[in-house]
Amino acid sequence: MLDIQLLRTDIDAVAKRLADRDFHLDVTTFNALEAERKSIQTRTQELQSKRNALSKGIGQAKAKGEDTAPLMAEVAGLGDQVAACEKQLEAVQAKLSEMLLVVPNVPHASVPAGKSADDNVEVRRVGTPRKFDFTPKDHVDIGEGLRLLDFAAGVKIAGARFTVMKGGIARLHRAIAQFMLDVHTQEHGYTEVYVPYLVNSKSMEGTGQLPKFEQDLFKIPREVFDDDAVVSELEASGASVSSVSAKTIDRSLYLIPTAEVPVTNLVRGDIVPLDSLPLKFVCHSPCFRSEAGSYGKDTRGMIRQHQFDKVELVQIIHPEQSFEGLEALTGHAETILKRLELPFRTVTLCTGDMGFSSAKTYDIEVWLPGQNAYREISSCSNFEAFQARRMQARFRNRNGKPELVHTLNGSGLAVGRTLVAILENYQNADGSVTIPTVLRPWMGGAEKISS
């Protein structure tokens, strides 16, 4: 969420920068709500001041033995007017908050302007795509040729965009995740965490998925008794649960689209000690995405699935260090591809291709011979205080004053897409796949996957 003070002081500049990311900020509506807020606050202050003056007059009248009934009636009337104003103010502030919840982050000054992925700026390339002495296959043909990727079974069990892995490929998938976790915990200083795969709406709102992107999520509707009400009534009456008439409340949960959500929300509502920063977490989890609006895109194979695994890197960091932290985090993700000897390139996303919450993002794209193209395998982003403001995640600065942290995250890496890259880059003419040297300790020393 943007800092409302930024909108109050320089809304035209904010609107102009948001326009670079193809978002129209409704300046007229915001200014109208702000004018209403100021008017109500001014009126409230005037009423409170008048009520305070009359209250003093009541004391003076009592001291003189005068009738205070008229003054007390007027004070009571003013109290009702103040309460009405406070209710109006609460409604206006709720509208402002609702408006801000769907406004994206302002791109950092270093982010290039652009309308689409075509305007992203390449930062570096590492490695040279392999030259094959045979026509390379894509991962679908490789996996099905080995009889170790079963897309038909995935459709039968669940539907489109699900896959069943077997044997050596299933083990390779597991080995990739273990390798990534070990590198990030042992070499890059991250603490491994295991988190829930289901989260509440407050967590989704905190990292920016709600309310704007609910259609992209898998929601688990859930209505339950208000536990506190049930317990209170039981304790008061001794009745059984079946005889208690308690209200039901919506406690719907959401399958996580990325471990970013539960891991970043670890600090929601907290004030982190200054000397604890930065907090660095790594988490391996499945991710679940409805892929709303992506129908017809990447329907072949494992590139765009409803369920996939990812090793996620999250940093909770001091604001003065967040862009330095973004460079380091991106380097941590790149290290995995370097160790696997997979060619890749890193690009800075332009304003028109950035995610909703991000202030700056690097995409890392791995080379896929089967597509003869670089494809995204990691997005590494600095959200500045955008998520922290929604979560009220803070630290105490050197003056002891609470201040919003900055949050970063990135895939370190997407496990399924790393598997795809290995199958395609390490394929052999006979249909087998050579296992990258660094992964062999997690594969029982095996050097190849064969049929």
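In this predicted model, helix H6 (residues 167-186) packs against helix H12 (residues 415-425), with an angle of about 115° between them and their axes 10 Å apart. These are the two quantities to look for in any such pair, since two packed helices are described by the angle between their axes and the distance between the axes. The crossing of H6 and H12 is right-handed. On the H6 side, the residues that meet the partner helix are Ile169, Leu172, His173, Ile176, Ala177 and Met180. Their counterparts in H12 are Val415, Gly416, Thr418, Leu419, Ile422 and Leu423.

Arg390 sits in helix H11, which covers residues 386-391. This arginine is buried, and yet no salt bridge is found for it. A polar atom of the Arg390 side chain does, however, lie 3.4 Å from the backbone oxygen of Leu101. With its neighbours within four places in sequence set aside, Arg390 is in contact with Met1, Leu101, Glu205, Gly206, Gly208, Leu210, Pro211 and Phe356.

Most residues other than glycine have a negative phi, and most peptide bonds are trans. Against that background, the bond joining Leu277 and Pro278 is cis, with omega at about -5°. Pro278 belongs to the loop between strand E10 (271-272) and strand E11 (279-288). A cis peptide bond also joins Gly412 and Leu413, and here omega is about 25°. Leu413 is found within strand E18, which spans residues 406-414.

Two glutamates complete the picture. Glu341 is not a glycine, but its phi is positive, at about 55°. The residue lies in the loop that links helix H10 (322-340) to strand E13 (344-348). Is Glu341 buried or exposed? With a relative accessible area of 59%, Glu341 is exposed. Glu384 likewise has a positive phi, near 50°. Its place is the loop between strand E15 (373-382) and H11, and H11 is the helix that holds Arg390.

Note on methods:
Residues are numbered from 1 along each chain as its sequence is written. This is a predicted model: local features need pLDDT of at least 70, side-chain atom pairs count only at pLDDT 80 or more; totals for chains, interfaces and linings use all residues. Side-chain values use heavy atoms; hydrogens and water are left out. Helices (H or I, at least four residues) and strands (E, at least two) are DSSP runs, numbered from the N terminus. Buried means under 20% relative accessible area, exposed over 50%, partly exposed in between (1.4 Å probe, protein chains only). Lys and Arg count as positive and Asp and Glu as negative; His and the chain ends are not counted. A salt bridge is a side-chain nitrogen of Lys or Arg within 4 Å of a carboxyl oxygen of Asp or Glu. A polar contact is a pair of N or O atoms within 3.5 Å; within protein, one must be able to donate a hydrogen and the other to accept it, and residues adjacent in sequence count only if both atoms are side-chain atoms. Contact means heavy atoms within 4.5 Å. Axes are lines fitted to C-alpha atoms, for helices over the stretch in contact, and angles run from 0 to 180 degrees between N-to-C directions. A crossing is left-handed if the near helix is turned anticlockwise from the far one by less than a right angle, and right-handed if clockwise.
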